[in-house]
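Here are my notes on the model you sent.

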Amino acid sequence: DEMARYKLNKFHFHLADNGGWRIRIDAYPLLTRLGAFRTESDWLEWWSYGDRHYVPEDTPGAYGGYYTKEEIRRIVAYAAERFIEVIPEIEFPGHSDEVFAAYPELCCSGRAYTSGEFCVGNPLSLKFMDEVLTEVLELFPSKYIHIGGDEADRTAWKSCPRCRHLARELGGVDQVQCYLVEHAEKFLAEHGRTMIGWDEILKNNLRSTSTVISYRGQRGGIEAANRGYDVVMSPGEILYFDWYQADPSTQPRAMYGYSPIKKMYAFEPVPADPESAARNESIIRAEFVDPAAVEPIRADRADRIVGVQGCTWAEYIEDEEQQEYMIFPRLLAVAELAWTPQEKREWCDFKVRMNSHIPLLQQRGLNTFTLSDEVEITTRIRSGNRAVEVTLDCEKYPAEIRYTLDGTPPTPDASLY
């Protein structure tokens with residue numbers, strides 16, 4: 001409902017990951033029976049300090065769940081009524097520990113809990129991909145189908161006889177993943193769909209129709225656009241909602257990093273000149289980057305940036321209220337990145353409107369972050385002289401900022417900025 005209100009029209013539905021398999025597949029019923037539940041809800045405790053084991057569906061006290069096919073159809077229909085396209089994602093070849101808890105023969109060792117990557121040299125893995133995607137296509141009419149493609153660990157492939165043989169035939173272990181991505185791309189194209197994946201799929205010589213989501217900064221997006229592919233910009237350092245949005249000591253536990261709403265709003269989705277590309281890179285790296293050091297999108301490829309995406313990863317999000325707290329009001333910045341041309345976006349203007357929307361969000365029952373009380377201090381040397389200009393800013397509006405010049409803490413009687 002809030003996506004529709006703010007004119008966001010694509011819902012990327014991430015349905016499979018190490019945390020659990022989240023969609024019923026008739027051809028592989030053990031995916032949800034054995035791979036959708038785990039021993040505890042706290043991701044960090046389970047993944048980093050616990051036993052990392054999944055448990056059968058009917059285990060008392062187990063945490064997890066999955067969507068039935070009827071529930072999926074209801075979600076797709078509800079979204080369609082609001083002009084939102086639901087794009088499903090099934091992860092290949094990595095992030096798949098939960099698959100092997102149910103079907104260990106699909107990983108290189110043939111044993112669960114030894115690898116998170118499919119055995120690409122095993123024909124059963126490609127059969128699994130085709131059959132799972134076939135059922136996914138029946139549920140989702142979306143033009144796009146997301147196949148993941150990110151963060152695959154190649155360790156198991158290097159010792160697996162089948163994958164080593166495949167690597168020798170293809171020209172190296174890096175080509176093992178390319179082989180699987182190419183298979184997925186061909187399968188989807190034959191079924192009239194478009195493959196979309198994380199920026200690691202750029203290792204492939206992709207079909208012209210395939211689409212890339214740039215999440216490791218902006219460089220993958222720039223490369224993809226310049227190679228002629230459609231791109232969705234989603235640099236994690238800027239557009240991930242699971243990052244902290246204020247001083248971590250004042251916030252619920254988050255993934256890591258710092259991405260307040262002003263930082264999100266400063267991102268330029270179409271860096272078509274060295275200056276805008278460098279500004280983005282400076283935000284991503286949190287340090288000055290010279291425009292001469294960054295390749296921008298070529299002017300004739302700027303139309304290849306087809307959207308932006310904010311991502312809400314849930315490893316550290318415990319419930320719906322915390323999820324809302326992490327998303328709102330930062331979602332408003334993403335909406336404006338998507339729809340307002342860069343030359344018409346002004347932080348001071350957005351800040352006023354953002355503040356006016358927070359009580360409206362809350363009236364609709366959403367648990368929003370109410371913005372930070374921190375004061376941002378920026379300085380710059382004025383050109384032509386040695387004077388330093390100091391600017392004070394904060395997220396809240398209206399807000400009264402008072403300051404001193406002698407190092408003492410400001411009081412209500414101190415100078416008004």
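Which residue is the bridge partner of H14 in β6? It is E89. Keep in mind throughout that this is a predicted model.

1. **Strand β6 and its neighbours.** Strand β1 covers residues 10-14 and runs parallel to β6, with five bridges joining the two. Strand β7, residues 144-148, is also parallel to β6 and is joined to it by two bridges. E89 takes part here too: it stands opposite H146 in β7.

2. **Burial of β6.** This strand spans residues 85-92, and eight of its eight residues are buried, so the rest of the structure largely encloses it. In a regular strand, side chains alternate between the two faces of the sheet. In β6, E85, I87, E89 and E91 point one way. V86, P88, I90 and F92 point the other way. Note that the buried residues include E85, E89 and E91.

3. **Helix α9.** This helix has 17 residues. From first C-alpha to last it reaches 25 Å, close to the 24 Å expected at 1.5 Å a residue. Its buried residues are V176, Q177, C178, L180, V181, A184, E185, F187 and L188. The cover over them includes β6, α6 and β7, along with α7 (155-159), α8 (161-170) and β8 (194-198). After α9 comes G192, with a positive phi near 75°.

4. **Packing of α6 on α9.** Helix α6 (residues 123-139) packs against α9 (residues 174-190) at an angle of about 35°. The axes are 11 Å apart, and the crossing is right-handed. From α6, the contact uses L126, M129, D130, L133, T134 and L137. From α9, it uses Y179, L180, H183, A184, F187 and L188. The residues of this contact divide into nine nonpolar, two polar and one charged. An α-helix has 3.6 residues a turn, so residues three or four places apart point the same way. Among the α9 contact residues, L180, A184, F187 and L188 are also buried.

5. **E151.** Leaving out residues up to four places away in sequence, E151 touches H95, E117, E200 and Y215. T404 is 253 residues from E151 along the chain, and their C-alpha atoms are separated by 49 Å.

Definitions and conventions: Residues are numbered from 1 along each chain as its sequence is written. This is a predicted model: local features need pLDDT of at least 70, side-chain atom pairs count only at pLDDT 80 or more; totals for chains, interfaces and linings use all residues. Side-chain values use heavy atoms; hydrogens and water are left out. Axes are lines fitted to C-alpha atoms, for helices over the stretch in contact, and angles run from 0 to 180 degrees between N-to-C directions. Helices (H or I, at least four residues) and strands (E, at least two) are DSSP runs, numbered from the N terminus. A crossing is left-handed if the near helix is turned anticlockwise from the far one by less than a right angle, and right-handed if clockwise. Contact means heavy atoms within 4.5 Å. Ala, Val, Leu, Ile, Met, Phe, Trp, Tyr, Cys and Pro count as nonpolar, Asp, Glu, Lys and Arg as charged, and the others, Gly among them, as polar. Buried means under 20% relative accessible area, exposed over 50%, partly exposed in between (1.4 Å probe, protein chains only). Two strands pair if DSSP finds at least two bridges between them. The expected span of a helix is 1.5 Å times one less than its number of residues.
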